[in-house]
Amino acid sequence: MEIIQDNFEKSEFLVNRRVFSDKEILARERAEIFSKCWLFIGHETEIPEIGDYKRKKVGGRNLLFVRSHDGEVRALFNTCPHRGALVCREDSGNSRVFRCFYHAWSFKNDGELVGMPGKDGFPEDFNDEGTKNMKAVNRLESYRGFMFVNFDDNAISLEEYLGNAKEYIDLVVDQSEHGMEALGGVQQYSVRANWKLLAENSVDLYHGMPTHKTYFDIKQAQDPNLKRVRLEGRGISLGNGHSVIEYEAPWGRPVAQWTPIWDDDFKKVMEKMKQRLTERFGEERANRIANFNRNIVIFPNLVINDIMAVTARTFYPTSPGYMEVQGYALAPKGESEKHRLARNNNFLEFLGPGGFATPDDNEALELCQEAYNNNAEVQWNDISKGMVRGEENALATDELQMRSFWRHYNTIIQQSLEKEVAHQ
Amino acid sequence: MTVKTVERQDVVDFLYTEAKILDEWRLKEWAALFTDDGTYIVPPIGNPEAEPTTSLYYIHDNRTRLQDRAERLLKKEAHVEYPHSTTTRNYHNILVGDLDADVITVECNFTTHRTKREVVDTFIGKLKYELVIENDRLAIKHKKVVLNLDSLRPQGKISLIL
């Protein structure tokens, strides 16, 4: 099966629509992508205290994201080593022990088995090898507060995997001197569409105006002097399937671009903030942090968008045509209440299931998925925009960032297909 | 000035009228039901008393934004609701608080069904209102939608006004 057609001579890039609807492809994605790539599990500030835990679904697994008694963050498989029942049933909380209700086996918050009824029925060395402890994901690594797991014990390190993407995560995190924190109320929603469509959509500036015209109408009514929405900037491939678009922000940014919907006091706060950024990082980097948006996709399923607010979203396919999405809001620690409310108002105006934009994205993705019923006769998606300029010169409104996702995806899935042919 | 006495039935009729206005997509009329300082909020699922500074709401509209919301949804470019979905709002278990209070509190359960492209989604929860009498008419000062769901799956979005 040909997954992509990458034709530099014709400046044409095509993606086979079967990858959005085929169950066999999904099985390969589960084996080769969701079992081998680094997957975002959460932000370290979600479990700040010892004993704090949160249940997480990552890569289709049920995990328990926990700060254990020794201060280490662990990702435990939320399944009893005895018969397999889900051990922890609360979504979040703080606990020293987790107890499976089925036969009452109990585990410390690092997963160690500490008790079960009817001990005399088991040999003394029953758990000497630790096989009766709740199993932890062996690979859990963090980059500047963003925590990832990898189900492949032999995977390269997270830092190596993120590679050039680190620079852009740094630009997001550096807006705060005290680090970023995840807000409560992670948005749990879904889209009736293939997961890869959301990876594309999250770094797609080309759709901005036609899909989100109503949002821009509202912004322009709020601020008659709103810069002509040019969305000028660059699209950059970051390697390993990661990519970014970085472009001038037409709207107010809580760090630190003022807009007339905010009062004059706030203007002064923002000027000070910008000044402080300049002291810390010099003028050029301060400008990037304050006045530019970044939409980052970390292959395969993490998006960090530093736009009118900062959101991280991760998503996972339960079937080719359905994904579960988790949407986070991130903000500088210690932000004033007024500033935080302005930030959250910015967020909710555009983002999330109740925003003025995200539901329209959701609709676009669902209409794509519905129309892939025509795949037998109409086979290819076109992702060519900007190729004619040369990939080094891609604009933010081009599609290089998607091509870079697909090129990496293609390498992984083609290898999987070839392996199978070799076995036959 | 005489202030008309409000009966429980007036409040119930007011709520049913709001539901009807929404089902009929008369969204500007819906926005007009609010006071000048009216608010409309949907807090995070499972944490209806969350602080809007430390938790991410789904919707946290002041009067201007709820007007924007209503007007946006009437535009053809509000793609998610074009063509308009078909909705059926049912309000049940209506409990009306003290009718003589300056602010009358009302709560009720709701089920809202939305169908579009042959997919039916249902939203379930509780509505909490703060109503006042303004120009001899009831008006909404505050409307809070508490979703009694585990997540927004499979609904995926709150494109409707709940």
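**Figure 1. The two domains of chain A in the predicted model.** The C-alpha centres of domain 1 and domain 2 of chain A lie 34 Å apart. According to the domain assignment, domain 1 of chain A covers residues 39-143, and domain 2 of chain A covers residues 174-415. Eight residues of domain 1 of chain A and nine residues of domain 2 of chain A make up the contact between them. On the side of domain 1 of chain A that touches domain 2 of chain A, strand E3 (residues 39-43) of chain A gives the most, with three residues. By class, this side of domain 1 of chain A has four polar, two nonpolar and two charged residues.

**Figure 2. Packing of helix H4 and helix H10 of chain A.** Two packed helices are described by the angle between their axes and the distance between the axes. For helix H4 (residues 195-202) and helix H10 (residues 358-371) of chain A, the angle is about 135° and the axes are 10 Å apart. H4(A) and H10(A) are therefore oblique to each other. Their crossing is right-handed. H4(A) makes the contact through Leu197(A), Leu198(A) and Asn201(A), while H10(A) makes it through Asp361(A), Leu365(A) and Cys368(A). Of the residues in the contact of H4(A) with H10(A), four are nonpolar, one is polar and one is charged.

**Figure 3. The open sheet of chain B.** Six strands of chain B form this sheet in the order E2-E1-E6-E5-E4-E3, with mixed pairing. Strand E2 (59-61) and strand E3 (86-96) of chain B are at the edges; each has a single partner strand, so one side of each is left without a neighbour in the sheet. On average, and with direction ignored, neighbouring strands of this sheet are turned by 20° against each other.

**Figure 4. The pairing of E1 with E2, and helix H1 on the sheet of chain B.** Strand E1 (residues 34-42) of chain B runs antiparallel to E2(B) and is joined to E2(B) by three bridges. Val42(B) has Ile59(B) of E2(B) as its bridge partner. Helix H1 (residues 8-23) of chain B packs on the sheet and touches E3, strand E4 (104-116), strand E5 (119-134) and strand E6 (137-147) of chain B. The direction of H1(B) makes about 165° with that of E3(B).

**Figure 5. The contact between chain B and chain A.** Here 28 residues of chain B are in contact with 30 residues of chain A. E2 and helix H3 (63-73) of chain B each supply at least two residues of the side of chain B that touches chain A. That side of chain B has 13 nonpolar, nine polar and six charged residues.

Methods. Residues numbered from 1 in each chain as written. Chains lettered and ligands numbered in written order. Predicted model: local features only at pLDDT ≥ 70, side-chain atom pairs only at ≥ 80, totals over all residues. Axes fitted to C-alpha atoms, helices over the stretch in contact; angles between N-to-C directions. Helix = DSSP H or I, 4+ residues; strand = E, 2+ residues; numbered from the N terminus. Parallel < 35°, antiparallel > 145°, perpendicular 65-115°, else oblique. Left-handed = near helix turned anticlockwise from the far one by under 90°. Contact = placed C-beta atoms within 7 Å. Nonpolar A, V, L, I, M, F, W, Y, C, P; charged D, E, K, R; others polar. Pairing = 2+ DSSP bridges. Domains from an automatic or database assignment.
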